[in-house]
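This briefing gathers computed features of the structure shown below, grouped by topic for a reader who wants to check each one against the coordinates.

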Amino acid sequence: MKTIQYIGIGLFILSLLIFTAILGVGHNELKSDNLGITNDYHRAAIITAANESGVLDKAQNPLASVASIKSILNKAAERLDEQNAMGRPDGVAEWDFRMGSWKIEEYTNTIVSNTASGPVQDNPWLFFFLTFGLAIIGGLLFILPKFSEHAGIKHNGIYHNSLTRGLKFNVKMAFLIPAIIGTIVYGFLKLQNLFWPLVTLGLALLISYLVFYRQNSKDNTPQRHSCPVNTGWLGVIAGVYLIGFYILLYWAPAYINNWVAMVSPVSEMISGNKASRWFLYGLMYTVIVIVMGIRMLTKYRHNKYQRVRTYSVMFFQTAFAFLIPEILVKLNQPWFDFKNIWPLDYDFFFSYNIKELSTSGGLGIFMLVWGIILTIVGVPLITYFFGKRWYCSWVCGCGGLAETMGDPFRQLSDKSLRAWKYERFIIHGVLLAAVIMTTLVLYHYFTGKTNLLGLNSENVKSWYGFLIGAGFSGVVGTGFYPIMGNRVWCRFGCPLAAYLGLVQKFKSRFRITTNGGQCISCGNCSTYCEMGIDVRSYAQKGQDIVRSSCVGCGVCAAVCPRGVLRLENGSEDVGTRTAELRTVHITEDQIQVLS
Amino acid sequence: MSHVVIIGNGISGVTAARWIRKLSDHRITIISSESDHFFSRTALMYIYMGHMRYEDTKPYEDWFWKKNRIDLVKDHVSSIDFDKKQLSCQSGNEMHYDKLILALGSKSNKFGWPGQDLKGVGGLYSLQDLEQMEAYSPNLKRAVIVGGGLIGIEMAEMFHSRHIPVTMLVREASYWNNILPPEESEMISQHIKDNDIDLRLGVNLGEIKDDGNGTAKSVIVKETGEEIECGYVGLTAGVSPNVGWLKETGLDIGRGIKVNVHLETSIKDVYAIGDCAEQSQTQPGRRPVEAIWYTGRMMGETVAYNICGKPVSYDPGLWFNSAKFIDIEYQVYGEVPSKLPDDMKTLFWKHADGDKSIRINYDSNTSVVRGFNLLGIRYRHEVCEKWILDKTPIESVLTNLGMANFDPEFFKEYEQELVNIYNQQENKNIQLKTKRGLSKVLSFFK
């Protein structure tokens with residue numbers, strides 16, 4: 001059995017190595033007829049620039065070619081600017097003639113993808129098998145034998161394992177601080193706008209000030225050794241790899257052209273279109289949720305709540321997030337994820353989306369109405385009855401990934417009071433930012449004016465998309481799984497989680513019930529709470545738990561060795577049962593402290 | 001403002017300190033030589049198994065103590081001068097107290113076995129015990145555990161989690177059958193064997209053999225004379241109050257430190273709580289010394305009221321306890337004796353898998369419900385307690401039995417099977433009316 005599992009790990013590592021290596025396989029050769037640029041002025045300028053640089057009709061390594069193509073495009077853009085200054089041909093609009101910076105980015109991807117050739121392009125299915133195929137086979141060989149073990153809690157050795165043990169405080173900070181500063185600096189370079197990066201930095205400092213000095217957290221420093229004594233270096237490697245993957249995916253997609261080319265036949269099978277990087281991402285995401293979902297099923301097969309919940313996230317990811325949108329595209333309908341809800345789906349109210357949906361016939365209108373109703377009626381109503389878990393740990397894609405691929409890392413969430421204080425400022429700040437941005441966007445849509453109270457809707461939109469949409473939810477949200485746990489985004493950043501959480505906190509029947517005086521303060525519940533809730537602090541006092549951040553994954557109840565916790569719906573007595581100081585058993589006439 | 005000194009930072013001592021702080025402005029000092037901060041002793045096994053780190057077993061963050069003005073002193077109290085109200089510590093420091101709370105805990109029992117003090121022999125009670133187990137674990141070929149109580153099975157599970165073969169020597173004919181009824185005891189014995197633990201029933205430890213360097217190398221089974229090679233011997237034959245060092249001080253000591261209902265010892269301004277306390281008066285069905293988490297916590301709370309001028313009698317209420325036997329959870333409420341007395345009837349259901357069971361005891365004369373015993377199923381503490389205290393007839397309990405169920409959502413409910421067994425056993429036709437769910441429970445408590 002062990003042997004099979006080792007073979008599985010071996011195959012998985014092999015697939016990962018192949019996956020990484022194929023980025024540098026094959027070559028890019030720019031020819032006058034293979035650029036895929038339809039604008040004649042642009043194409044001519046690019047060919048001239050390529051010729052001058054001496055790369056025309058020359059094969060280049062795909063990774064090296066990205067920089068060279070970028071420099072050619074810059075030269076071409078300069079030349080067009082010069083020609084424009086001298087006078088462009090009659091009847092041609094300036095922006096059809098000149099090449100703006102966003103065009104350069106688009107063309108980089110287009111040219112890289114059109115001029116690439118090599119083994120991956122020749123045999124996409126072979127490489128698909130060597131990467132996705134081997135990874136799935138390897139993963140399953142590792143996971144499936146676990147079905148033969150005894151059912152029950154499977155946490156042996158988690159803190160002895162280099163991948164799941166977590167990082168020492170200093171190493172963790174060596175990820176966190178560069179991630180924050182790097183994102184802000186890169187955002188400035190990318191968007192050429194200093195205002196919003198400075199505002200973000202200012203807000204970060206303000207939040208720290210409020211946490212430390214207004215909420216008296218200065219004296220309440222969490223023990224630094226709440227991080228492990230030895231850093232888990234496999235965790236560091238996994239973190240670096242994941243962060244690297246997200247940076248390439250969001251901000252340097254030209255480098256991952258071979259991955260996209262490899263999955264293109266799959267996309268063509270489903271929707272008839274060539275793959276985009278978002279198809280690649282969706283496919284990987286779905287495969288990971290399914291394979292790691294099977295792992296979750298082996299781990300919690302004694303617990304039906306966990307099984308049903310895992311089937312649910314596997315289903316919603318596969319059907320709603322992946323297949324249905326692609327099939328819609330095949331049927332000439334807009335790409336639409338029916339379970340994505342504003343403000344997590346932050347571009348739902350962007351003008352291009354409203355325009356696309358409102359001009360796509362009956363189904364498009366339905367999608368538009370559906371999205372609005374989910375936000376305004378669906379979220380509060382369903383959350384009232386079941387708590388935010390109906391979305392966060394049953395339906396949501398981010399939650400689905402966190403509950404499957406992220407499960408091995410759930411114990412790494414920070415349980416300190418200080419972390420909770422940061423959490424409340426940041427997540428509600430993001431919700432506020434999403435509301436402000438959407439207000440500006442809708443104001444722009446309905447009035448045609450881009451400025452409201454001095455805020456430019458286009459700038460706010462692109463900064464939000466960069467900082468929250470890509471940086472926070474992707475690079476930090478998933479890249480930080482092995483560093484700060486599997487719910488960094490859901491806990492600190494997701495505006496929808498904040499919205500659901502407000503409903504859950506103030507108007508919901510959901511709570512976690514504590515079973516009388518049975519708690520032994522062991523701390524399994526807190527340790528395995530992915531949202532960093534110190535469940536034990538409530539359970540040991542006999543308090544029921546109503547916390548806005550709780551996603552209702554039910555793992556605290558599952559790992560409790562004394563059967564103390566239960567997720568329940570019912571609000572009648574929530575006010576008294578969540579009160580502090582419910583005490584244990586003392587009978588004395590004058591003192592009413594009986595439970 | 002007087003100075004309250006608490007010796008021991010386990011659950012009893014710490015609960016006392018927290019409640020004294022809530023109720024008063026006394027100066028509070030906790031002295032312990034075991035650890036800098038309070039940690040949950042019940043979680044020691046999870047540290048070894050890699051489920052948690054030591055840090056995760058601390059119920060309060062380290063800044064909590066300063067913020068609540070509870071002084072922590074890491075030292076070992078070597079002697080107490082009760083007349084002068086003075087403590088002497090190993091470091092040479094002395095400390096005056098106005099009120100003293102002894103929360104000294106337990107120590108593992110040793111019954112004079114030859115070789116019991118060798119290296120590589122230990123119990124599982126303190127952080128130091130855990131460190132010793134950890135030190136002997138690398139390259140350990142086999143561990144032998146002597147004693148079959150709750151700590152014995154925990155220790156077996158710990159070694160098992162690291163794939164270290166374990167032999168358990170248990171005096172009884174079936175695991176923990178002096179506490180558990182025979183059916184449950186048999187289920188747990190089977191569960192232990194199913195986990196590939198070498199369970200030897202009805203045997204005693206003869207002696208522990210020395211490898212020549214003062215370390216244990218094997219044990220001899222008394223009955224058979226068999227020698228079992230091992231690198232570690234766990235002694236888990238129960239615990240007893242850690243009071244030996246106070247024997248000649250004038251403090252009234254029996255098995256533990258004798259206390260009255262207000263948890264006062266024979267010496268004024270000295271209190272004893274938790275594992276080390278022996279109640280002079282006990283309520284029916286309770287033992288004078290109860291070394292369990294919950295009673296320690298209740299005593300800590302009670303003593304705080306007494307020290308802060310609000311006299312309260314210690315009343316542990318209805319008996320309850322819980323444990324986990326490898327993968328099987330255990331809960332008990334009320335009276336569940338291992339041998340059924342004449343005035344008690346029992347209703348027992350067991351799942352075909354052998355890992356779940358429900359037992360309800362009721363009075364054979366009045367048919368009032370008296371106790372619940374659960375394996376692999378969770379029941380609500382407060383519901384079971386109310387039924388028993390209200391002297392609810394068994395048939396009324398069975399009609400509403402779903403109300404007690406505390407298993408997670410979607411779990412199968414087995415109450416109907418229990419009702420069927422009752423109907424068959426008593427030739428009745430009781431219908432199960434209430435299913436699992438919170439709403440019914442809430443109206444039950446109104």
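This is a predicted model: local features need pLDDT of at least 70, side-chain atom pairs count only at pLDDT 80 or more; totals for chains, interfaces and linings use all residues.

In chain B, strand E14 and strand E15 (residues 227-229) pair in the antiparallel sense over 3 bridges.

**Domains of chain B**

- The domain assignment of chain B gives domain 1 as 3-107 + 240-307, domain 2 as 121-237 and domain 3 as 320-445.
- Between the C-alpha centres of domain 1 of chain B and domain 2 of chain B there is a separation of 30 Å.
- The contact between these two domains involves 9 residues of domain 1 of chain B and 11 residues of domain 2 of chain B.
- On the side of domain 1 of chain B that touches domain 2 of chain B, the elements giving two or more residues are helix H2 (44-48) and strand E8 (106-108) of chain B, and H2(B) gives the most, with 4 residues.
- Sorted by class, that side of domain 1 of chain B has 5 nonpolar, 2 polar and 2 charged residues.

**Contact between chain A and chain B**

- The contact between the chains draws 55 residues from chain A and 49 residues from chain B.
- On the side of chain B that touches chain A, at least two residues each come from helix H3 (63-67), helix H7 (293-307), strand E21 (320-325), strand E22 (328-334), helix H8 (381-389) and helix H11 (438-445) of chain B.
- H7(B) gives the most to this side of chain B, with 7 residues.
- The class make-up of the side of chain B that touches chain A is 18 nonpolar, 14 polar and 17 charged residues.

**Overall form of chain A**

- Chain A has 26 helices and 7 strands, and 44% of its 595 residues count as buried.
- A compact globule of 595 residues would have a radius of gyration near 25 Å, and the 26 Å of chain A agrees with this.
- Taken along the principal axes, the C-alpha atoms of chain A fill a box of roughly 100 × 65 × 50 Å.
- Where contacts in chain A link residues at least 6 apart in sequence, 77% of them join residues at least 24 apart.

**Bent helices in chain A**

- Helix H15 (residues 361-386) of chain A bends by about 45° at A:Leu374.
- The buried residues in H15(A) include A:Met367, A:Leu368, A:Gly371, A:Val379 and A:Thr383, and the elements covering the buried residues of H15(A) include helix H14 (351-358), helix H16 (389-392) and helix H22 (495-506) of chain A.
- Just after H15(A), A:Gly387 has a positive phi of about 85°.
- Helix H19 (residues 457-479) of chain A has a kink of about 45°, centred on A:Gly471, and H19(A) is mostly covered, with 18 of its 23 residues buried.

**Backbone features in loops**

- A cis peptide bond, with omega about 10°, joins A:Trp342 and A:Pro343, and A:Pro343 is found in the loop between helix H13 (304-330) and H14 of chain A.
- A:Ser521 has a positive phi of about 55° although it is not a glycine, and this residue is found in the loop between strand E6 (510-514) and helix H23 (524-527) of chain A.
- A:Ser521 counts as buried because 25 other C-beta atoms lie within 10 Å, where the cut-off is 20 or more.
- B:Ile326, likewise a residue other than glycine, has a positive phi near 55°, and its place is in the loop between E21 and E22 of chain B.
- B:Ile326 has 20 other C-beta atoms within 10 Å and is therefore buried.

Methods: Residues are numbered from 1 along each chain as its sequence is written. Chains are lettered from A and ligands numbered from 1 in the order in which they are written. Two residues are in contact if their C-beta atoms, placed from the backbone, lie within 7 Å. Ala, Val, Leu, Ile, Met, Phe, Trp, Tyr, Cys and Pro count as nonpolar, Asp, Glu, Lys and Arg as charged, and the others, Gly among them, as polar. Domain bounds come from an automatic or database domain assignment. The bend at a residue is the angle between axes fitted to the seven residues ending there and the seven starting there. A residue is buried if 20 or more other C-beta atoms lie within 10 Å of its own, exposed if 12 or fewer, and partly exposed in between; C-beta atoms are placed from the backbone. Two strands pair if DSSP finds at least two bridges between them. The radius of gyration is taken over C-alpha atoms; the globule rule is 2.2 Å times the number of residues to the power 0.38.
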